[in-house]
Amino acid sequence: MIRHLYDNLMKLAHFPLTGTVLISTIKLNRINRKKMMRRKLVVGNWKMHGSIASNKVLLADVVAGVRNLDAADCVVCVPYPYLCQAQSLLQGTNVAWGAQNMCSTNDGALTGAVSPAMLVDYGCTHVIVGHSERRNLFHETDDTAAARFNAALEAGLVPIFCMGESSEERESDWTEYIVGRQLDSIIRRYGPHVLENAVLAYEPLWAVGSDKPATPQQAQEVHEFIRKRIARCDAQVAAQVRILYGGSVTPANAAQLFAMPDIDGGLIGRASLSAQDFVPICRAASQS
Ligand code: PEP
């Protein structure tokens, strides 16, 4: 009931939608038929792991392992203290680097915060925004995630915006409501066009850090929902935005996930901490 009310309000809030939805859906189908190719992307999220010594080995192995992969992009998001190390070891390679969070302001009396400009100073190209661990353990909200998303874009960074439902929400059939609300927190404030320079990540909370990945079909269903929801506002943006899947991706399941039509790569936690796992995942992306 609340969900339907919310959906209807969102429709009214976005646009004079009725005609637009129809036209956008037709356009999306036409654009999809033309098989718009989205380049695959694999992003490692190291979370709070690493040391100067172990990073050196890991990064050298990843760089060597992905050297000849030319059909996918590869990024590692490292803890702040290692950005300088990532910059010196990854410059000139085909592995880009980024951060796992940032503040939405560029400077000020904000003890402990790291600004978008500081990430740019260290050569970051990407930053994760709204990860479920930030939302749940550090009380970040749709509002604060949206503000950071926008600040990242303004700084010239690519935000990787995470969305996903808990297991209780999935069991109650609230997945589309939760993911739709998180997506709308961006579109409602900044419009659909900002997604042109962003990456989305569907990360169901029950799959992150567990050993229960979504099946390729489960993930595809939500990715398709996300793309269609964007298409209601802008079919061109919907067809081009990369949507990553995250949650217990391993070398064993990566190829099947990446073969799904709306899955454009992965956001990888634990498996990004070992080149033996991360490189085959990047390879699977490049070959899919
Ligand atoms: C993540 O932290 O974003 C993640 C997907 O973790 P894992 O791959 O370990 O489930």
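This is a predicted model: local features need pLDDT of at least 70, side-chain atom pairs count only at pLDDT 80 or more; totals for chains, interfaces and linings use all residues.
**Notebook: helices, barrel and ligand**

I started with a helix pair: Asp142, Ala145, Ala146, Phe149 and Asn150 in α7 meet Arg181, Gln182, Ser185, Ile186, Arg189 and Tyr190 in α9. Sorted by type, the residues of this contact are five nonpolar, three polar and three charged. Contact means C-beta atoms, placed from the backbone, within 7 Å. Nonpolar covers Ala, Val, Leu, Ile, Met, Phe, Trp, Tyr, Cys and Pro; charged covers Asp, Glu, Lys and Arg; the others, Gly among them, are polar.

Numbering starts from 1 along each chain as its sequence is written.

Next I checked how α7 (residues 142-154) and α9 (residues 175-190) pack: the angle is about 55°, with the axes 10 Å apart. Axes are lines fitted to C-alpha atoms, for helices over the stretch in contact, and angles run from 0 to 180 degrees between N-to-C directions. Helices (H or I, at least four residues) and strands (E, at least two) are DSSP runs, numbered from the N terminus.

Then I looked up the strands: eight of them form a closed barrel, β1-β2-β3-β4-β5-β6-β7-β8, with parallel pairing. Strands pair if DSSP finds at least two bridges between them. β2 (residues 72-77) and β3 (residues 95-99) have four bridges, and Cys74 has Val95 in β3 as its bridge partner.

Last, the ligand: 14 residues surround it, the closest being Asn45, Gly246, Ser248, Gly269 and Arg270. Near means a C-beta atom, placed from the backbone, within 6 Å.

Note on methods. Two residues are in contact if their C-beta atoms, placed from the backbone, lie within 7 Å.
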